[in-house]
Amino acid sequence: LQLSQKHVGTIAILLNVDAQRREEEQRSDFISTASHEMRTPVAAIQGFLELALNPKVATVDDKAREYLQKAYDSTKHLRTFFQDLLTVSKTEDGRLANTPVVIEINELLQELVEQEKMAAAKKQLELHFSRADAGEKNVQPLLYVHADPERLREVILNLIENALKYTKAGLITVGASLKDQSVVIRVSDTGIGMAEEDIPHLFQKFYRIDNSATREIGGTGLGLYISKQVVEQMGGKIWVESKLGEGSTFFVQIPRVSAETVQAAQPAPRLPD
Ligand code: ADP
C-alpha cells in the first residue's frame, strides 16, 4: 500500500473536558459511598467470625474452624480493601484530613519500630531503628518536619509492613538523615526485591508485582499509590532502589523545618514574677 504524501485534510478531535471531569467526580463519589457503606457490614461479619473462632465463646469442630478461619482472612482483606478505596477517593478529591504539626522524625521512627517489633518477631525477622551518623561534633541532628502526624505515620507504617511482608529472612532497618534542606527517611529490607522493569509502575493504582514470590502474599496494590499522593501533598517525594532477590530500600524525602524555626514558633517561657 502506497500512501500519498499529499495533504488531503485535517482531523479535529474535540474533547469535552468538563463532561470527563464530571464523570470522574461521579465515579469517585460512587466508590467513596460504596466503600463507606460496605465497611459497616464487613466489620460486623468479621466480628461475628471472630466470636465463632473464639473457643471461650463458641464450640466448633476442626473442619468448621478451618473454614471459618479462611472466611475470617478473606473478610479481613475485604475490610482493608474498602478502607484503602475510601482513602484513595479522599486523597484524589482533597478530602483527606491534613493538620500539619512539627514532628521530630527520629522520635516517630523509633515509636513505629517499637510498635512493629512483635509482627517482625512473629516472622523471625529483625527490625531495627538506625540512628543517623552523629557527625564530627557528635551531636545528633534533630530532624524536624511540618506534616500531619497521622498521614506520615500511615506512610511509614505501610513501608515497614511491606518490608515485613516481602521479606522471608533477615533484617529490616529504619532510619533518617539530613539532605540539603530535607529529611530523607529510609526503610531497607533484605527481602525478595523487584525487577527493574517493575519499579516505574510501583506507585500506580492497583499495581502489584505478579511472580512466584508474591503470588502467595495478599495485598491491594493501593498502599504505595496512597503513600505517593500523601507524600507529594507534603511537598516531598517517594522512590525505591531495589535488586531482585537481594532486597529493597524505600526513601521518603520531605522538607525540613530548622530547629530555630521550631524554637521561634514555641511560646516564650514565662519568667517568674
Ligand atoms: P500491596 O502490598 O497491598 O500489594 P503496595 O502498593 O503497598 O500494595 O505495593 C505494591 C507492590 O509493590 C506489591 O504488590 C509488591 O509486589 C511490591 N512491593 C512493595 N513493597 C515491597 C518490598 N519491600 N519488597 C518487595 N516488593 C515490594
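Predicted model: local features only at pLDDT ≥ 70, side-chain atom pairs only at ≥ 80, totals over all residues.
Start with the strands. Strand 2, residues 126–130, pairs with strand 4, residues 171–179. The sense is parallel, and five bridges hold the pairing. Within it, E126 sits opposite L171 of strand 4. Strand 4 also pairs with strand 5, residues 182–189. Here the sense is antiparallel, with eight bridges. G175 faces R186 of strand 5 across this pairing. Strands 4 and 5 form a hairpin with two residues between them. In that hairpin, D180 adopts a positive phi near 50 degrees.

Now the charges. The whole structure holds ten salt bridges. One of them links D93 to R95, with the closest N and O atoms 3.1 Å apart. D93 counts as partly exposed because its relative accessibility is 35%. R95, at 43%, is also partly exposed.

Helix 3, residues 105–122, carries both K117 and E114, three residues apart, about one turn of the helix. Their side chains form a salt bridge at 3.7 Å, N to O. E114 counts as exposed at 54% relative accessibility, while K117 is partly exposed at 34%.

E232 is partly exposed at 42%, and K228 is partly exposed at 27%. Elsewhere, salt bridges with shared partners tie K63, E66 and K70 into one network.

Finally, the patch. E23, E24, E25 and D29 form a patch of negative charge on the surface. D29 belongs to helix 1, residues 17–53. Its relative accessibility is 48%, so D29 counts as partly exposed.

Conventions. Residues numbered from 1 in each chain as written. Heavy atoms only, no water. Pairing = 2+ DSSP bridges. Helix = DSSP H or I, 4+ residues; strand = E, 2+ residues; numbered from the N terminus. Patch = residues over 30% accessible without salt bridge, like charges linked within 9 Å, V, L, I, M, F, W, Y side chains within 5 Å. Areas by Shrake-Rupley, 256 points an atom, 1.4 Å probe, with all protein chains shown as cover. Salt bridge = Lys/Arg side-chain N within 4 Å of Asp/Glu carboxyl O. Lys, Arg positive; Asp, Glu negative; His and termini not counted. Charge placed at Lys NZ, Arg CZ, Asp CG, Glu CD. Buried < 20%, exposed > 50% of the residue type's maximum accessible area, 1.4 Å probe, protein only.
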